[in-house]
Amino acid sequence: MNTRPDQPLRLGTRRSKLAMSQSGHVADAVRAVTGRPVELVEITTFGDVSREHLAQIGGTGVFVTALREALLRGEVDFAVHSLKDLPTAQPDDLVIAAMPLREDPRDALVARDGLTFEQLPDGSRIGTGSPRRTAQLNHLALSLGKRIETVPIRGNVDTRIGYVRDGELDAVVLAAAGLNRIGRGDEATDLLSVDSVLPAPGQGALAVECLASDTDLIAALGALDDPETRAAVTAERSLLAALEAGCSAPVGAFADLLDDGQTVNEMRLRGVVGTLDGTTLVQLSTTGPVPQSYDEAMALGRELADEMLAKGAAGLMGERSL
């Protein structure tokens with residue numbers, strides 16, 4: 001870490017409006033805990049310039065590699081990622097120093113005429129670039145006695161919502177956290193319950209990453225860490241890793257803390273894998289004591305993954321390269 005207290009800490013961020021917004025929030029928090037100025041360093045990633053659909057370019061890591069390379073070259077002091085974009089394998093020379101309090105993990109529907117998902121007519125065209133959402137949205141539609149057409153889309157929030165405003169699509173599905181972070185949460189016409197559509201592992205959470213050798217900065221950034229968020233998303237990402245699936249596979253996971261009205265005493269982890277047409281889902285859950293360590297959180301994810309694999313989950317992930 002730069003040792004001069006007046007020298008700005010350099011925060012590496014993607015250039016998108018959403019990335020700049022969430023990095024700005026982290027920068028404010030780092031200024032508050034360190035008393036140091038923080039400057040944003042904009043970095044273009046492969047995922048930002050490629051026009052291919054995420055499932056085709058590999059999904060996992062496409063928004064991350066350039067930021068990590070800048071860290072390793074010493075061009076930035078730390079970086080902020082959307083946790084769901086991070087590969088599950090962590091490089092030895094980098095460390096996630098903080099996972100701040102998680103935003104809303106749910107998926108949000110932005111539909112024409114203020115419609116909810118249940119109100120969408122049969123045959124509605126819904127935009128999403130996510131196989132996970134495609135599988136679960138199709139399954140949810142079938143459970144409601146209707147069919148939808150999922151249309152692959154990419155682009156920033158404006159581009160995606162524009163498809164609905166222009167009448168090209170009946171609705172699009174986005175992460176509620178992203179809408180909230182750019183002050184557009186009120187544009188969601190429906191928030192999809194995690195009981196119906198499980199989010200991506202780590203959705204709504206941020207990862208603040210720096211060099212593993214920068215012990216002073218690790219200690220400073222640690223003030224931003226939320227232990228409950230870290231335990232939950234570690235379990236979710238352990239499930240994803242154990243299923244050997246990247247973010248281009250139709251895997252959803254969500255861990256939440258259960259209480260008896262007074263104290264939080266258990267964590268429930270839910271996972272889902274499905275065929276893209278929604279006709280077949282493997283959806284299971286497990287509940288255990290709130291993990292008190294990284295290893296305990298990892299074990300919870302692996303346990304549920306083993307159960308899902310025993311129920312046939314592996315056969316449903318052959319579509320990951322589509």
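Me: Let's start with Glu-149: why is Glu-149 called partly exposed?

Reply: This is a predicted model, and in it Glu-149 has a relative accessible area of 39%. Buried means under 20% and exposed means over 50%, so at 39% Glu-149 lands in between and gets called partly exposed.

Me: Where does Glu-149 sit, and what is Glu-149 in contact with, leaving aside neighbours within four places in sequence?

Reply: Glu-149 is in strand β7, which runs over residues 149-151. With those neighbours left aside, its contacts are Ser-124, Arg-125 and Ile-126. Contact here takes heavy atoms within 4.5 Å. There's also Gly-123: 26 residues away from Glu-149 in sequence, yet with the two C-alpha atoms 6.2 Å apart.

Me: How do you know what share of the protein's contacts links residues 24 or more positions apart?

Reply: Take the contacts with a separation of 6 or more: residues 24 or more positions apart account for 71% of them. As for burial, 52% of the 322 residues count as buried, that is, they fall under the 20% cut-off.

Me: What makes a set of residues the largest nonpolar core, and which members touch the most others?

Reply: Members have to be buried and nonpolar, joined through side-chain atoms within 4.5 Å. The largest such set has 19 residues, and those touching the most other members are Leu-239, Leu-243, Met-267, Leu-269, Val-273, Met-308 and Ala-313. Two or more residues each come from α9, β11 (251-259), β12 (264-274), α10 and α11 (313-316). The top contributor is α9, with five residues. There's a second, separate core too, with 16 residues, including Val-30, Val-80, Leu-217 and Leu-221.

Me: What does Leu-239 touch, not counting residues up to four places away in sequence?

Reply: On that count, Leu-239 touches Gly-252, Ala-253, Arg-270, Gly-271, Gly-301, Leu-304, Ala-305 and Met-308.

Me: Now the second largest pocket: how much space lies in it, and what lines it?

Reply: About 330 Å³. It has 16 lining residues, and Gln-90, Ile-96, Met-99, Arg-230 and Tyr-294 are the closest to its centre. The elements giving two or more residues to that lining are β4 (94-98), α9 (227-242) and α10 (294-310), with α9 supplying the largest share, five residues.

Me: What makes up that lining by class?

Reply: It has nine nonpolar, four polar and three charged residues. Arg counts as charged, so Arg-230, one of the residues closest to the centre, goes in the charged class.

Technical notes. Residues are numbered from 1 along each chain as its sequence is written. This is a predicted model: local features need pLDDT of at least 70, side-chain atom pairs count only at pLDDT 80 or more; totals for chains, interfaces and linings use all residues. Side-chain values use heavy atoms; hydrogens and water are left out. On a 1 Å grid over the protein atoms alone, a cavity is a set of points where a 1.4 Å probe fits but cannot get out, and a pocket is an open set with protein on both sides within 12 Å along at least five of seven lines; lining residues have an atom within 4 Å of a point. Grid points are joined across faces, edges and corners, and a volume is the space filled by probe spheres set on the points. Helices (H or I, at least four residues) and strands (E, at least two) are DSSP runs, numbered from the N terminus. Buried means under 20% relative accessible area, exposed over 50%, partly exposed in between (1.4 Å probe, protein chains only).
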